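Keep the structure in view and try each task before reading on.

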Amino acid sequence: MRMMTRLEEARSLDPVSDRLQAAVQAVARPRLLRDLLHGTWLGHSLHPVLVQLPVGSFVSAAVLDLLPGRRRAATTLIAVGTAAVAPAVAAGLLDWSQLTRDRRRVGLVHAGANAVATGLYAASLFARLRGRTARGKALGFAGLSVAGLGAYLGGHLSYALSAGVNQAAPEIARIPQEWTPVGSLASLPDGSPAVRTVADVSVLVYRRGDRVSALIERCGHETGPLGKGEVTGSGADACVVCPWHGSVFRLADGAVVHGPAASDQPVLRARVRDGMVELCRP
Ligand code: FES
């Protein structure tokens, strides 16, 4: 863990990290491509889904390498795994490019380890195709070892540093299940969002005539302040654009319209009683 802390603080990685970040964001400009790779259509990040194919193929090939007479099957799996790396890298790089600097440092080494592992697997495949099975197996096991380091760093990014998780989910759990008044309906602007607080949680409240919807104000992507975001569209289709990385959420129901967020923004139940707006946890 001390090594992980030192890695998170390794400013020497920043020049490379910043240049790579700029390159990734310059290449992945089309919004459709970004939404596809971020997993906005899926409901969570696409990268961990895509890594299943190379990881599963490489681990299975290692098992077959320990058994007699499985040379061709192991070679096929390594070819499949090596070919499946590219889409996983594309999705991972795009997610990585939106992270804070400390997490990008860890992500950079995670990507570097996986690049080395992929190189070892490509060399393993080349050796196997040339009939050098023993050399191919050795390179494969070396690749698996380095990929294990990459997987550890990826796990640290997700589970210790909360990269790629829905940052708004803990907020909705803090909202009381009892109805809580947040002010009169008349005090809310019609057609533009307002920010209120419920149990110390910042909530975005949106009024359309007599109808009110409410969502967690901290963006689920990286906790950006949606209350400071620009509103686009009107009525039921009005959306708020996160000021940090441009995720777009529909105000009526919190649905994510564009990433990098991959999850809907959590919504609260809302009602109007005697002219007062009340909110509670769904
Ligand atoms: S914080 Fe990244 S899009 Fe909102």
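**Exercise 1. Decide whether H156 is buried or exposed, and find what it touches.**

Step 1. The relative accessibility of H156 is 6%. Buried means under 20% relative accessible area, exposed means over 50%, and partly exposed lies in between (1.4 Å probe, protein chains only). H156 therefore counts as buried.

Step 2. Locate the residue: H156 belongs to helix α9, residues 133-160. Helices (H or I, at least four residues) and strands (E, at least two) are DSSP runs, numbered from the N terminus.

Step 3. List the contacts, where contact means heavy atoms within 4.5 Å. Leaving out residues up to four places away in sequence, H156 touches M1, M4, E8, V106 and L161.

A word on the model: it is predicted, so local features need pLDDT of at least 70 and side-chain atom pairs count only at pLDDT 80 or more, while totals for chains, interfaces and linings use all residues. Residues are numbered from 1 along each chain as its sequence is written, and side-chain values use heavy atoms, with hydrogens and water left out.

**Exercise 2. Describe how helices α2 and α7 pack.**

Step 1. Two packed helices are described by the angle between their axes and the distance between the axes.

Step 2. For α2 (residues 14-27) and α7 (residues 85-96), the axes come within 9 Å and cross at roughly 115°. Axes are lines fitted to C-alpha atoms, for helices over the stretch in contact, and angles run from 0 to 180 degrees between N-to-C directions.

Step 3. Angles of 65 to 115 degrees count as roughly perpendicular, under 35 as roughly parallel, over 145 as roughly antiparallel and the rest as oblique. So α2 and α7 are roughly perpendicular to each other.

Step 4. Name the residues that meet: S17, L20, Q21 and V24 from α2, with L93, L94 and W96 from α7.

**Exercise 3. Explore the largest nonpolar core.**

Step 1. A nonpolar core is a set of buried Ala, Val, Leu, Ile, Met, Phe, Trp, Tyr and Cys residues joined through side-chain atoms within 4.5 Å. The largest has 17 residues, and those touching the most other members are I175, V203, V205, I216, L268, V277 and L279.

Step 2. Strands β2 (194-198), β3 (201-208), β4 (211-216) and β10 (276-280) each give two or more residues to this core.

Step 3. Follow one member: beyond its neighbours within four places in sequence, I175 is in contact with V198, V201, V203, I216, L268, C280 and R281.
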